[in-house]
Amino acid sequence: MDRYARWNALLEILTDSGRISVEDAAERLDVSQATIRRDFDQLAQQQMITRTRGGAVANGVSYDLPLRYKTAKHAPEKQRIGAAAAALVSPGMVVALNGGTTTTEVARALAVRPELTGGVDDAQLTVVTNALNIANELLVRSRMKIVVTGGVVRPQSFELVGPLGGNILRDVTLDIALLGVDALDVTLGAAAHHEGEAAMNSLMVARARRVVIIADSSKLGGHAFARICPIDRIDTLVTDFNATPETLAAFTAAGVKIVTA
């Protein structure tokens, strides 16, 4: 296990349990205690955790881990979900993508579809995004028309938030919004941990003819701080086969079409 994989694992453990000792972490990750101490020190320097005598505790923001530490979690499911969501896109569409690990997989799947890529002046797909990393993925791997909203960058997610981006989104019309979320509940709807991201996503929903939520099964039934939209505004949910039949049935009963990957 390399350093970044260890850091990801340690942050996930702290997110779940709140604290861990050096001895316990070393045993769980099958590395030396000296290695864990170095990892804890480096994560503390980045203000990701707080060091304690003999271990570490989660910081108050540990529920909202930076994107670079989330990539390993549920990776196979996210790749399948990304491909299934990209399959919903047709040439000529105007598509909105927000930030996140799963929507990054959507962008990668879109970039390798030749029928969606035109010349410089005749792009077969227009993508509107508030995520700098997704704009970069598409710019270097395709010739689609890319529109990036304005705003202030959140380092955790590479997303642009704030009123500057809202001005752009209010002036566009979207055929489909493909949105990753932190939680999706039948009663509470779609939600994000950060209120600025939720506000940008809500604007995308308001401008879209069709709203598709992209979420692996771990997000279903969960709660997050800021609501993006109610369940009746969601047309389709793209998720993985690990979602329980009962959970999917509840979304179907609420009028949401289910695509499993």
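**Overall architecture and the setting of E105**

The accessible surface of the protein chain amounts to about 11900 Å², and 52% of this belongs to carbon and sulfur atoms (Shrake-Rupley method, 1.4 Å probe). The structure is a predicted model, in which local features need pLDDT of at least 70 and side-chain atom pairs count only at pLDDT 80 or more, while totals for chains, interfaces and linings use all residues. Residues are numbered from 1 along each chain as its sequence is written, and side-chain values use heavy atoms, with hydrogens and water left out.

The protein chain contains nine helices and 15 strands (DSSP runs of H or I with at least four residues, and of E with at least two, numbered from the N terminus). Its radius of gyration is 19 Å, close to the 18 Å given by the globule rule for 261 residues, so the chain is as compact as a globular protein of that length (C-alpha atoms; 2.2 Å times the number of residues to the power 0.38). The C-alpha trace spans about 60 × 45 × 35 Å along its principal axes.

Of the 261 residues, 51% count as buried (under 20% relative accessible area, 1.4 Å probe, protein chains only). Among contacts between residues at least 6 apart in sequence, 66% join residues at least 24 apart (contact: heavy atoms within 4.5 Å).

E105 lies in helix α5, residues 101-111. This residue is buried, its relative accessible area being 17%. Apart from neighbours within four places in sequence, E105 is in contact with K78, Q79 and G82.

Definitions and conventions: Buried < 20%, exposed > 50% of the residue type's maximum accessible area, 1.4 Å probe, protein only.
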